[in-house]
Amino acid sequence: MKPKAIVLRTAGTNCEYETNHVLKMVGFDADNVHINELIRGDKKLLDYQMLVIPGGFSHGDYLGSAKILANKMTYKLGNDIPEFIEKGNLVLGICNGFQALVKSGILPGFGGNYKKQETTLTMNDSGHFQDEWIEMKNVNKGKCIFTKDIDFIIPCPINHGEGKFVAPKEIMGKLKSNDQVVFKYVKNPNGSYEDIAGICDESGRVLGLMPHPEKYFTHLNSPQSTRTEISNEAAGLAIFRNAFGYFK
Amino acid sequence: MWRIEVSLLSEFTDSVGTGTLSDIKEDLLIKSVESVKYVDVYLIDANLDENSVKEIAEKLLIDPITQEFKINSEFSNGFNWAIEVSLHKNVTDNVGMTAEEGIRDILGGKLDGGVRTARKYLLKGKLDEKEVKRICTDLLANGIIENYSYKKLD
């Protein structure tokens, strides 16, 4: 039986279809579900094994990127997501999804406290929205299940205005000593502290990152596509394959 | 009516303020402006007590890592002029409407009233009133849909 992934959308989400497509490519059974369906109880989070919060501009990113979505996760879903994590399931937040995980306190989730905001993603140093291809490298030493055996550079796009990762000094130290830093930019595009592009929680089963690996699943997605080898297996897929592999 | 002002903590780069400063100097050629600080303003017209407003500010309107807020008082220290830009009353304020939804999520019920928003720019420099007015009309406010006001700070 295929593991089931829930792609959580809300007003302003716009990357749910490619995220769903990639999840199905690697073997998941994936559903796009509006957060109101969870709030009303029409769908149950615990019927799934992986939660993916995709990219977009939830609620217009008014009041700060993903702030309203983060508050809905905190105040409307209550303990659903922490309970989902504690039961051994996976959570992946991409771009706006990463912002929601950080602002709801699910990441970094020190000591299993998934309700305290310790870090943030704020306006790029450039002061504007950036849409470009970047390269990121896996710097995790083994905690994060999503990056197992990823020893190669992953090129993929960023599409964000508020992607600068910021954390107080003591929190940065804790992230590093806990092996919770996962991805770093090869060339920092937005002023993120210590080039950080993605972090995980203490369990290694919750990952958030600003770049979009789901937008690089075939060589045709790449701006270098005419210069590279033809392949239906682009680097972004590796993260999703590791997630699928976790359930084997 | 509750007025909440939200500003970046001083240790973080104010990209909007810096960008506005650059636009004033390079596009309007007003060189006497030295710095600009940007502030978000939320005007909550609802029957709420101070504790609820504080909770709304802390949990909804600010990012606790990078921002601070003031309730019914203003950020103005060290600046010479304040400009405020807001939408005409008959223009939909999407940010205000989103704030209303966010407040309902936090307080768990209906909001008896509404939220309007404004953008505030604090300017430092030896500017005269004519220059400040020009900054409003030629750069910061779209007169078709927005009002502006300005005041000299002591």
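Modeller: Buried means under 20% relative accessible area, exposed means over 50%, and partly exposed lies in between (1.4 Å probe, protein chains only). This is a predicted model: local features need pLDDT of at least 70, side-chain atom pairs count only at pLDDT 80 or more, and totals for chains, interfaces and linings use all residues. Residues are numbered from 1 along each chain as its sequence is written, chains are lettered from A and ligands numbered from 1 in the order in which they are written, and side-chain values use heavy atoms, leaving out hydrogens and water.

Biologist: Is Gly111(A) buried or exposed?

Modeller: Find Gly111(A) in the loop between helix H5 (96-104) and strand E5 (120-122) of chain A. Helices (H or I, at least four residues) and strands (E, at least two) are DSSP runs, numbered from the N terminus. The relative accessible area of Gly111(A) is 68%, so this residue is exposed.

Biologist: What is the phi of Cys95(A) near?

Modeller: Most residues other than glycine have a negative phi. Cys95(A) has a positive one. This residue lies in the loop between strand E4 (90-94) and H5 of chain A, and is buried because its relative accessibility is 4%.

Biologist: Where does Asp179(A) lie?

Modeller: Asp179(A) is another residue other than glycine with a positive phi, near 60 degrees. Its relative accessibility is 15%, so Asp179(A) counts as buried. Its place is the loop of chain A between helix H6 (169-177) and E9.

Biologist: What is the relative accessibility of Val33(A)?

Modeller: Val33(A) belongs to strand E2 (residues 29-34) of chain A. Beyond residues up to four places away in sequence, it touches Ile6(A), Val7(A), Leu8(A), Arg9(A), Leu38(A), Lys43(A) and Tyr48(A); contact means heavy atoms within 4.5 Å. Val33(A) counts as buried, at a relative accessibility of 0%.

Biologist: Which side chain does the side chain of Asn190(A) join in a polar contact?

Modeller: Asn190(A) is in the loop between strand E9 (181-185) and strand E10 (196-200) of chain A, and is buried at 0%. A polar contact is a pair of N or O atoms within 3.5 Å; within protein, one must be able to donate a hydrogen and the other to accept it, and residues adjacent in sequence count only if both atoms are side-chain atoms. At 2.8 Å, the side chain of Asn190(A) joins that of Ser192(A).

Biologist: How many aromatic pairs are there over all chains?

Modeller: Rings of Phe, Tyr and Trp (its six-membered ring) pair if their centres lie within 6.5 Å; planes under 30 degrees apart count as stacked, over 60 as edge-to-face and the rest as tilted. A search of the whole structure gives eight.

Biologist: How far apart in sequence are the parts that Phe28(A) and Phe247(A) tie together?

Modeller: Their ring centres are 6.0 Å apart and their planes at 85 degrees, so the pair is edge-to-face. Phe28(A) is in the loop between helix H1 (16-26) and E2 of chain A, and Phe247(A) in the segment after helix H7 (237-246), so the parts are apart by 219 residues.

Biologist: How many residue pairs are in polar contact between chain B and chain A?

Modeller: Across this boundary, 20 residues of chain B contact 23 residues of chain A. Lys72(A) forms a salt bridge with Glu101(B), with the closest N and O atoms 2.8 Å apart; a salt bridge is a side-chain nitrogen of Lys or Arg within 4 Å of a carboxyl oxygen of Asp or Glu. The count of residue pairs in polar contact, both at pLDDT 80 or more, is seven.

Biologist: Which helix gives the most to the side of chain B that touches chain A?

Modeller: Helix H2 (50-61) and helix H3 (94-107) of chain B each supply at least two residues. With eight residues, the most comes from H3(B).
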